[in-house]
Amino acid sequence: MRLLTGNDLKTGAVIWWTGRDWSLHVEDAADVGEAGEAILQAEEGTRRVNTPYIIDGSETPDGPRPAHIKDRIRALGPTVRPDLTLKPADPAAGDWVI
Amino acid sequence: MYQYDRYDQAMVDARVEDFRDQTRRRIAGELTEDQFKPLRLKNGLYLQLHAYMLRVAIPYGTFNSRQMRKLADIARKYDRGYGHFTTRQNIQYNWIKLEEAPDLLAELATVEMHAIQTSGESIRNISADQYAGAAADEICDPRPWAELLRQATTFHPEFSYLPRKFKIAVISSKEDRAALRWHDCALRIVRNEAGEEGFEVYAGGGMGRTPFIAYQIRDFLPSGQIFSYLQAILRVWNMHARRDNIHKQRMKILVHDLGEEEFRRQVEEQFAHFLTLGTDFPQAEYDRIAAYFAPPPFESGLSDDIDLSDPDFALWVDRQVIAHKTPGYAIANISLKPVGGIPGDISAEQMDLVADLAERYSFDEIRATHAQNLVLPHVRKADLYTVWQALDAAGLADANLDLVTDIIACPGLDYCSLANARSIPIAQKIAERFADATRQRDIGELKIKISGCINACGHHHAGQIGILGVDRKGTENYQLLLGGSGAEDTSQAKITGPGFDEEGIVDAVERTIERYRELRTDGERFLDTYRRVGMDPFKEAIYG
Amino acid sequence: MAEAALRFRNDDPVEEPAVTLDAFLEQAGASAVRIEAGDDPRRLIPQLGRVKLVEVGFPRFRDGRGFSTARVLREAGYDGEIRAEGDILVDLIFFMRRCGFDSFAPQAPLNRADVDAALSRYEYVYQHAADGAVPIWKLRHG
């Protein structure tokens, strides 16, 4: 699957395109398929997202999983500070990244 | 330390409003990201993996308790309760919002701080010896020159859109505690036979993708001419560097392409021209600045004895405390490398504690080091025990200065959008493997430096043991390098062979260290043994 | 040749088209020259007497070679027009003025209010440049 991601322009937070809107959670990310580039162009103009780009990902029971470790770290947070991630209470979250 | 006058304050205040307007224009869509990026970088604001990251300048690594408390406040108010001290004596915050950055900079300006030129293709923070003004071996305090040059290079109209970044270091001792020859330009204050003060000038060093060690291009430059000389260097580079390939635009590339002789010739030609302009800063300005760096009111008649009956305190003194030039005083190093912790990170609460200790016990002065640690430069020996107890309670009293667990590591893939691999977990695993204090002291001086990508912010080229994280077919992989040095015996580390995974690199480091222990002769550090026996015995141990 | 959108001189603009540096050095009658980012401005110094307009190209605003070009010419005593042409952001104008540029032909039009704000934002300067502004150290010591 193809996921559209970037950083929120004003806050810098990692965001994922859900098909209609931007979410902080990769679980909400939609497969943008062939339409990805067009959505990216349109969204750049709205000034909500900064430097958006399209990545590969796979469908899993836990939701979309970015193909590259860098984007999984973006999705969750720094592996060395679980308390600062989106899932501070989940001891398995780090494994999902690696 | 230096204090702003109304002119300095006006400069940082104007800069805040400048950036506030640029941010407004970006958010309103009047500036594209392509246009805004160089502008925000000139204010130290990166877009990193998780958020914007702000790099705040700590000029030549010197700051005071008021500033440290403000840094703590900022960590709490604008970030997530902590900061990170960098390999260039600055501090970074990882969770900044663009829309709040102008207010953050405005708050910094109230305590004479800023983020000017800490990133981008600018003249960056000028680094200096972290023991300046306290060390017994310096000719004079190098920081007045660092401050003078800071001002001279701030908002320089000709040199604000350079081919790449430009890093300067200034020291005044034979021992090099600032890694001079890894800088684009470095100065060592010396005296000639007539007793006049001047600089040895080095140029063309740098790490990154293609590391180079600087040449010495001048034995003696009269110190009053330094601004002319520096502009000459910058103009030669600004005019002639390549602009087509970002990886070939650092001055070290031009210096290497031209060769030492030709580069020196061109610089001297420009220098002769700049001298005719008569725009050097006068002695009166140097004297004005130097007055701020006069020694604090040290007491006399203090005892040089330290009660070492507490064994943990004794270990800390042995490792962390350095001789001060004034009797009765000492330099106290604060470790930001607790075993298992994140190298260089410090919580807001710890910042407040260090501020209190500095104010009460160190003439209100703190230093940041390029090894990502801190220093209290002027502590009475009689106060060391109290200071240590407070540091110990706050987790800041590891006695590991320059030992195997005093690792320099960049933020790596956990934080940085440029990274290929995580560096912090490697630092943690190595530190945990060698946590035993007796084992650490037995190994002795061993400077490990870890970078998460070839940009080398972890300075792995200068590591006695260097580790470089790479991306190998989508997985993190780590190369091992040996024999680098950032001291006056500057050398570049060499790769050992094929890389390792996350577990493998720790084992490889351990095998390297064990081989060193087998081969060392009396008093040899790891680096000495490596230089004596070469790479082969280590390769055998590592790869079998 | 680009039309100058912003000019800080009182004399009449030069009508002649700016020729390349190589061509200028060949043509004894030319008085307007265009210096590209990669040209060495010192080649012009022997001929400065007949130069009335120097147009300096900025192919990308991050390419700061033009700043050195302008300053080199001013230091050589040139007091004719120096025009910045190309990818010019309002955020560069202040530094450009300090380096000796006195006219601007940006590819994308500049907002005059932004230009005025940029030029008046910094009251002081730390160092000498080509603009004659008095550096702070001189204000401190007289």
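A word on the source. This is a predicted model, where local features need pLDDT of at least 70, side-chain atom pairs count only at pLDDT 80 or more, and totals for chains, interfaces and linings use all residues. Residues are numbered from 1 along each chain as its sequence is written, chains are lettered from A and ligands numbered from 1 in the order written, and side-chain values use heavy atoms, without hydrogens and water.

Now the cysteines. Take Cys410(B). Its closest cysteine sulfur is in Cys457(B), 6.3 Å away, so the two are too far apart for a bond. Cys453(B) is in no disulfide either; its nearest cysteine sulfur, again that of Cys457(B), lies at 6.1 Å.

Buried or exposed? Cys410(B) is buried, at 10% relative accessible area. Cys453(B) is buried too, at 8%. Buried means under 20%, exposed over 50%, partly exposed in between, with a 1.4 Å probe and protein chains only.

Next, the second largest pocket. Its lining has 36 residues. Nearest its centre are Gln130(B), Glu175(B), Arg177(B), Asp402(B) and Lys447(B). A pocket here is an open set of points on a 1 Å grid over the protein atoms alone, where a 1.4 Å probe fits, with protein on both sides within 12 Å along at least five of seven lines; lining residues have an atom within 4 Å of a point.

Methods. A disulfide is a pair of cysteine sulfur atoms within 2.5 Å.
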